[in-house]
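Hello,

Here is the structure we talked about. Please open it alongside this email; my notes follow below.

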Amino acid sequence: MSLLKAQEITKTYRLGDIALNALYNVSLVIEKGEFIAIMGPSGSGKSTFMNILGCLDKPTSGRYMLEGVDVANMNRDELATIRNKKIGFVFQGFNLLSRTSAIENVELPMLYAGFSAKERRQKAAAALKTVGLEGRENHLPNQLSGGQQQRVAIARALVNNAPIILADEPTGNLDTKTSAEIMELLARLNEESNITVIIVTHEKDIAEYSRRRIFFRDGVIVSDESSGRI
Amino acid sequence: MINIPSTVRISFRALRVNKMRSALTMLGIIIGVGAVITMLAVGTGARQRIGEQIASIGSNLIMVVPGSTTAGGVRMGAGTQPTLTLGDAVAIQKECPSVLYVAPVHSGVAQVVYGNQNWSTGITGTTMDMLYVRDWPLSDGRLFTEEEVRRAAKVCLLGQTVVDNLFGGINPVGQIIRIKKIPFTVIGILEAKGQDPGGHDQDDTIYVPVTTAQKQLFGTQFPGMIRTIMVKAKSTEDLAAAERQINELLRQRHHIGQKQDDDFTVRNLTQMMQAAEQSTRVMTLLLGAIASVSLLVGGIGIMNIMLVSVTERTREIGIRMAIGAKTWDIRLQFIIEAIILSMIGGVAGIVIGISGSKILSMLFGWSTIVSPLSIFLAFGFSGLVGIFFGFYPAYKASLLDPIDALRYE
């Protein structure tokens, strides 16, 4: 059984009378443990596809199986539960809660999963250690550098033991050196913990950390190439 | 599963971020709850006071006064026509089955002297039944006897105010005082009763036998004339019947024909007092209702601020949704925030309300009573306001699309 299986997914946006296909008949299979980069110019449909993979959005038609379960027809709360348990998000703008300490940001997914306060604290501390932020637990986001903030976000994505990390332009706001560090961290998590990592990027050198690169253009996949890490 | 303690903590933090705004929002509820409690306290106090006064003039009371006279086309006030007699009083006692006690009253004002002290006060000539009519016990000494009433003995009972003004620390019982220069022996002291509903000091009085008042103190236009007859009905249910019986009896005794007007007036004091109590009750409700409007306005303030807060925190809502917050996680977070605002406001409002009532009592001498019920009501109501006015913003927040919310700048 494949981890993710998208079958003939179409997403149509309606702008008045005009119907716009953001995605058209996209099919894709992703196995556990893959490290994938989704690439393409703006408006190619890669972000829409990412939102559907992340269960933030539903396709207009087609089937999307996550660990063999069809999620295309789930309601809001069921999708929220899937996101909570199966998917860790990493965003370009970090998307941490301001005025909330690093450890509390990391605890957040467990809050909605119903862990006890003690368990939350322990697991969050462990996740922060994994991303190399030991000792910064009580820093607020505005007291951390961009790279450190993104590490907190990665710790938050890890903490519920989600099998998938979805990263949307994770290095978009970072300098080259920090970008490399973040990509190394994602690569390490992929290798050591067998977490499936899917990143959306338009930077070639970032995509080169991955082992499989999928190119989108005008709502369809134009190429899907696999290689070892360069 | 929704984690309430953590949600409460998150809400507190969100409220602390905008301290000034939270405080101003609470102010609406504080004023509302404070106003409700104060107004109810004023109303309840007034009602209790009237209740006490009703009890102090005696229960189930009927007063019979003579009618008015007309002198050369000028109509005089009620009680100016000398028509009532001791015989009327005796007849009412005998003939009216719904009547329990009857006390004739012949009264006036006179100067009273004891030693080197003097005092002007109302002298009430009556019989021993008067104290039963008024539910007025003695604190010291004894009542007059039937024999003393018959022979117009010069004995008297003093009200507490008179005692205070004439006797400084001396036990008045057995002392001789002079009323209009006539010596009277003090045989008893009336218990302190306080003000009547009209604000009149009921303790500023002296009771003497009615016959003594007629013959020695104030005189009469004809023998046996009295000014008032006080009647106590057997029960509240008997009041109307007693009133009717007295009316019939007196018309008969005064030979008043079918088409002639009464030469006396029967007043049901208890009914008048109950009417006063009723109007105070209405006033209390009215005050409470007006104050509730301010609570409502406070609630709308909460809704307003929560709506602003939802818009400001759209991105936060998006993040929470993306990492797994369900519809009710989001809703509860905002509802709990609204409840915290209104409950803290409610508690502060209760404090303000209680102190406000105390201040009103001190400044204006109103009796105010903060009942536990009004506190409970105000607190419960403010909680409901939080839930009610917090729900719509919370509902709006929970319906946000996670993708749009995440992109919100």
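Start with Ala37(A): it stands opposite Arg213(A), which sits in strand 9 of chain A. Keep in mind that this is a predicted model.

That pair belongs to a longer stretch of pairing. Strand 3 (residues 35–39) and strand 9 (residues 212–217) of chain A run parallel and are joined by 4 bridges. Both strands are part of an open sheet of 6 strands in chain A, in the order 6-7-8-3-9-10. The pairing in the sheet is mixed. Its edges are strand 6 (87–90) and strand 10 (220–226) of chain A, each pairing on one side only. On average, neighbouring strands of this sheet are turned by 15° against each other, direction ignored.

Now chain B. Look at helix 2 (residues 19–57) and helix 12 (residues 372–398) of chain B. Their axes come within 10 Å and cross at roughly 155°. Angles over 145 degrees count as roughly antiparallel, so helix 2 and helix 12 of chain B are roughly antiparallel to each other. The crossing of these two helices is right-handed.

Which residues make the contact?

- From helix 2 of chain B: Ile29(B), Val33(B), Val36(B), Ile37(B), Leu40(B) and Ala41(B).
- From helix 12 of chain B: Ser374(B), Ile375(B), Ala378(B), Ser382(B) and Val385(B).

By class, the contact between helix 2 and helix 12 of chain B has 9 nonpolar residues, 2 polar ones and no charged ones.

Best wishes

Terms used
Residues are numbered from 1 along each chain as its sequence is written. Chains are lettered from A and ligands numbered from 1 in the order in which they are written. This is a predicted model: local features need pLDDT of at least 70, side-chain atom pairs count only at pLDDT 80 or more; totals for chains, interfaces and linings use all residues. Two strands pair if DSSP finds at least two bridges between them. Axes are lines fitted to C-alpha atoms, for helices over the stretch in contact, and angles run from 0 to 180 degrees between N-to-C directions. Angles under 35 degrees count as roughly parallel, over 145 as roughly antiparallel, 65 to 115 as roughly perpendicular and the rest as oblique. A crossing is left-handed if the near helix is turned anticlockwise from the far one by less than a right angle, and right-handed if clockwise. Two residues are in contact if their C-beta atoms, placed from the backbone, lie within 7 Å. Ala, Val, Leu, Ile, Met, Phe, Trp, Tyr, Cys and Pro count as nonpolar, Asp, Glu, Lys and Arg as charged, and the others, Gly among them, as polar.
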